[in-house]
Amino acid sequence: MLFRFLKKTIVETGYKGTFRSFDSDFQSADLVNGEYVVNPITSNSFKFNEQINAFYGMLNSFIGSAENPKWKYNLGLRAENVSNNGATQNNSDRFNNDYLKLFPSASLQLNLESNDFVKIGYSKRINRPDLDDLNPFMDITDALNPHSGNPYLKPEIIHIAELSYNKEWSKYSFSTNAFYRNATDAIRQYAELKDNGVILLMPKNIGSTITYGVETIFSLKPIGFYDANISITAFQQKINASNLAQDVVSNAFNWYGKIINNFVPWKGGKLQIIGNYNSALATAQGKRIPIYNVDMGFQQKLGKGNARLGLVVTDMFNTLESGYKNNTALFSSNRTNKSDTRALMLTFAYTFKSDFKEKLLENQFSTE
C-alpha cells in the first residue's frame, strides 16, 4: 500500500504471510529372505509446521528537484512474528519456537552527478534455520560421519553497515561496496567427536561472526562483439565459537571472484563463458576447501529469431567439489564430496509471435 505525502515523500506499508507444513516420511528397508522389510530403527517421519507474519513500513524521500535530486534517503521497519513446531516419530525431541523480532533499515544517497553517487546504509536481517537444519533425525548412510539437524537452533541475526560508490561511463561502469557484518547465533555446521569414535556433523549456533571487506564490480564493453562483468570480493572474517568449546576462535582472510564473458561471434549467435573461484573459507574448526569451476553456454537464433538452439556445458573441467578440513584439539578430519557436475545439455526453444498473446490479454474478460 502506497501513500504520498507532499511531492517528495512516499510511505509504503504491507504484510507478508508465510505458512508451511511438511510431513517427511523416510523409510529404510533391509533385505530379509529375499524381501525388503522396513527397519523401524533407521526409519523416521518428521512433521513440521511454521507460520511467519511480517508487517513492514518504508519511507522514501529526497532533497532537491524531482528531476535531479541531490539527496535520497529511506527509513524502514519490519516486524516479524515466527511460530513453528516439529516432532519426529522415533525421537522424543519435540520443539516449539516462538519469537517476535524488529528489523530497522536506513540509507542515505548523495548524487554527485547523474551517473555518479555515494550511498551509506544500515540494516538488520535474519537467517532462519531451514527444514533440514531442524530435523533431529540422524542420517547414518556414512557410518563414520553421520549427520543430523538440530531442533534447538535459534535464528541468526545480522547487523550490516555498508558504504558504496558507483560510477558509469559510456563503455564502462564501476561500483564498490565496503561492508561490515556482525552476526550473532550464526548457524554453522559443527563436528563433534562421539564416544564410539564417529564424528557427528550437526548445525549449531556459533557465538558470533564478524566479517568486513570490500566488494568490487567492473563492467566493460570495449568492442561491439564482446562485453564482460568482473566481480571480486575480499574480506576478513573472525569466528568466535567459544560458546561451544574453549579457544574455538578462527580469524582468516578470504576472497572470491567471478567473471562473465559474452561474445557475439556472428549475427544471432551468443557465446558465454563464466569462471568462478571461492578461496578456502574459515570455519569454527578449520576451513572449507576452495571451490572453482568454469561453465560455458552457446545460443543461436534460427530463422526469423523465434527459434533458438542452445548448448550448455557445466563445469567444463570437472573441478567442482566441496569439502572441509577440521583440526581440533581432540581430532582431525578431512572430507571431500564430488558429484557429477560436468554435463552437456542441448536445448531448443520456440517463441510464438506476441500479437496473439497481446490481443488475448487485451480481451481477457471478453466473451470472444
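This is a predicted model: local features need pLDDT of at least 70, side-chain atom pairs count only at pLDDT 80 or more; totals for chains, interfaces and linings use all residues.

Biologist: What is the volume of the largest pocket?

Modeller: The volume of the largest pocket is about 990 Å³. Its lining counts 42 residues, and those closest to the centre of the pocket are Arg188, Leu281, Ala282, Thr283 and Arg288.

Biologist: Which strand gives the most to that lining?

Modeller: That is strand E10, spanning residues 172-193, which contributes seven residues to the lining of the largest pocket.

Biologist: How many cavities of 30 Å³ or more does the structure hold?

Modeller: A cavity differs from a pocket in that a 1.4 Å probe fits inside but cannot get out. The structure holds one cavity of 30 Å³ or more. The largest cavity has a volume of about 50 Å³. Its lining consists of Glu50, Asn84, Asn97, Tyr99, Arg128, Pro129, Leu134, Leu153 and Pro155; by class, five are nonpolar, two polar and two charged.

Biologist: What is the mean pLDDT of the chain, and where is the pLDDT below 50?

Modeller: The chain has a mean pLDDT of 86, with 92% of its residues at 70 or more. Over residues 356-368, however, the pLDDT is below 50, and this stretch makes zero contacts in the model beyond near neighbours in sequence.

Technical notes: Residues are numbered from 1 along each chain as its sequence is written. Side-chain values use heavy atoms; hydrogens and water are left out. pLDDT is the predictor's confidence in each residue, from 0 to 100. Contact means heavy atoms within 4.5 Å. On a 1 Å grid over the protein atoms alone, a cavity is a set of points where a 1.4 Å probe fits but cannot get out, and a pocket is an open set with protein on both sides within 12 Å along at least five of seven lines; lining residues have an atom within 4 Å of a point. Grid points are joined across faces, edges and corners, and a volume is the space filled by probe spheres set on the points. Ala, Val, Leu, Ile, Met, Phe, Trp, Tyr, Cys and Pro count as nonpolar, Asp, Glu, Lys and Arg as charged, and the others, Gly among them, as polar. Helices (H or I, at least four residues) and strands (E, at least two) are DSSP runs, numbered from the N terminus.
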